[in-house]
Amino acid sequence: MGQFVLAEKYGTLSDFKVSQSEYLDLIFEIMETRKRSSKPIAYIHTYGCQQNVADGERIKGMLEKAGFEFEDKPDNADFILFNTCAVREHAEDRVFGNVGALKNLKRKYPNTLIALCGCMMEQKHIADRMYKSFPYVGLVFGTHALHMFPQLLYQALSSGKRVYVRDNDDDYVHEGIPIRRDGDFKGWLPIMYGCNNFCTYCIVPHVRGRERSREKDIILNEAREMIKLGYKDITLLGQNVNSYGKNLKNSLSFSELISEIDNIEGDYWLRFMTSHPKDCTKELIDTIANSKHISTHLHLPFQSGSSRILKLMNRHYDREKYLDIVNYAKSKIPNVSLTSDVIVGFPGETYEDFKETLSLIKEVEFTSLFTFIYSPRVGTPAAEMDDPISAKEKSKWFRELLDVQEEIASKRCKSMIGTTQKVLIENEKGKDGILNARTSGNIIVETKAPKELIGTFQNVEVTEAGNWILKGNLIK
Ligand code: SAH
Ligand code: SF4
Ligand code: F3S
């Protein structure tokens, strides 16, 4: 188990001698005397990507074993945790606002422990700011300290002192942490942690550390267990799944891993994210095309359509290479549904560069896009680059991009009218018997159906199309 590296001024941790699960028993005992209701209540709020959601499910797994129940509001909580994201400034601002709003609650219920974890807390300047601005936050830990959460929570509860920890240990993958999954039939399965790519705009490698893969057998066992429990839609997670397995003793490729998972018997869809275009191989596309369970949805972030900007972003592919892999996917996977991430207004981007992004979008015809305006991140190379374009101008480009994509998405949706789609029924839309379902290509279909069908695969005939969603009739 890794050693803690503490931010110097926060002092050192005392010498712990019991295992993480023993701490859960100790927490249970402490909470017997501190809880406000008959059971200790936790409120866990996760921001950011699925990796953070998966971490949040592990934190809930540990708390559940210590006797906690969960509520989706902080009002009655004995323990409040914000699991934070550092990817853009907006994400960080929301956390500062939400923590600030808890001041009165803490005044009224001094025994409530307020904690912060996740990617933001791995940045020293943020941990420092939290320490100074929010004296009522009792526990702060970064992504690397997740496996020691029971120990840290115990220390914060038993000492009454503030515990602030950032770890630095990239050499280990900690297994065996209990999980309390948020969904009953859709679930996340992390296959690796960290990132080695250092795209010049991105904070993730700085806060999640170096790339490390989980052992194949552990992943296969978790997948088997999820399928046995009835999970129908399983997403394999990693910042760059295509480089899975490189650090393992018996190295194997992502294509090999996903083929082995695909061989597990059962009725389920398998998805994965994120796939980096520089490492997305034709072998992987062939694997998807020949699989039984892998969805026809490929999320392949391109970030910019300009090769000049891609170079400044340190993405290690150019426009031609991106289009080459996309065209190969289109030729091999019938009706492949492509989605992507794109950044507008990277430092030094001109309107000419931006027009290349627009033309790439038109050429590929994505099902949907996650669109971002560039946000400078402390400690990344792009934050030091000249950025002469005004925020107002960038917003104008951004609007233009959204309009172009809306037209493309609408055209794609309309082309599906009259087709029959296999869908997974997910949840109720409102109270009028309309349910939301999702296609293998990740498009929402609204359909009238009994609630009992939630969590099952059905077929629908598509009858109407909006800009982003479809409507259809259940085929009995
Ligand atoms: N590992 C994934 C992405 C993780 S971050 C990948 O490589 O695709 C999710 C998305 O946030 C990125 O794809 C990028 O589009 C966006 N993003 C990351 N840093 C950003 C920044 N500084 N400003 C704006 N968008 C950013
Ligand atoms: Fe960030 Fe690039 Fe790593 Fe994705 S691949 S997490 S964008 S550094
Ligand atoms: Fe955000 Fe961390 Fe994910 S920075 S996007 S939560 S890896």
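The questions below concern a predicted model and the criteria behind its structural terms.

Residues are numbered from 1 along each chain as its sequence is written, and chains are lettered from A and ligands numbered from 1 in the order in which they are written. In this predicted model local features need pLDDT of at least 70 and side-chain atom pairs count only at pLDDT 80 or more, while totals for chains, interfaces and linings use all residues; side-chain values use heavy atoms, with hydrogens and water left out.

Q: What makes a residue part of the surroundings of ligand 1, and which residues are the closest?
A: A residue is near a molecule if one of its heavy atoms lies within 4 Å of it. For ligand 1, 15 residues surround the molecule, and the closest are Y201, Q239, Q303, D341 and S375.

Q: How much of the accessible area of ligand 1 does the protein cover?
A: The protein covers 90% of the 540 Å² that ligand 1 has on its own, by the Shrake-Rupley method with a 1.4 Å probe; for residues, only the protein chains shown count as cover.

Q: Which elements give two or more residues to the shell around ligand 1?
A: They are β13 (337–344) and β14 (368–373). Helices (H or I, at least four residues) and strands (E, at least two) are DSSP runs, numbered from the N terminus.

Q: Why is T439 called buried?
A: Buried means under 20% relative accessible area, exposed over 50%, partly exposed in between (1.4 Å probe, protein chains only). T439, in strand β16, has a relative accessible area of 2%, so the residue is buried.

Q: Why does H147 count as buried, and what does its side chain contact?
A: The relative accessibility of H147 is 8%, which is under 20%, so H147 is buried. H147 is in the loop between β5 and α6 (149–159). Its side chain reaches the backbone oxygen of H144 at 3.3 Å and makes a polar contact with the side chain of H174, also at 3.3 Å.

Q: What makes strand β10 mostly covered?
A: In β10 (residues 233–237), 5 of 5 residues are buried. D233, T235 and L237 point one way from the strand, I234 and L236 the other way.

Q: How do you know that β10 pairs with β7 and β11?
A: Two strands pair if DSSP finds at least two bridges between them. β7 (residues 186–190) and β10 have 5 bridges in the parallel sense, with W188 and T235 as bridge partners. β10 and β11 (residues 269–273) also run parallel with 5 bridges, and L237 has M273 as partner.

Q: Why is the crossover from β10 to β11 called right-handed?
A: A crossover is right-handed if, with the strands pointing away from the viewer, the path from the first strand over the helix to the second runs clockwise. The chain passes from β10 through helix α9 (residues 254–262) to β11, and this β-α-β crossover is right-handed.

Q: What makes β2 and β6 edge strands?
A: The open sheet has 6 strands in the order β2-β1-β3-β4-β5-β6, with parallel pairing. β2 (69–70) and β6 (163–165) each pair on one side only.

Key. Polar contact = N/O pair within 3.5 Å; in protein donor to acceptor, adjacent residues only side chain to side chain.
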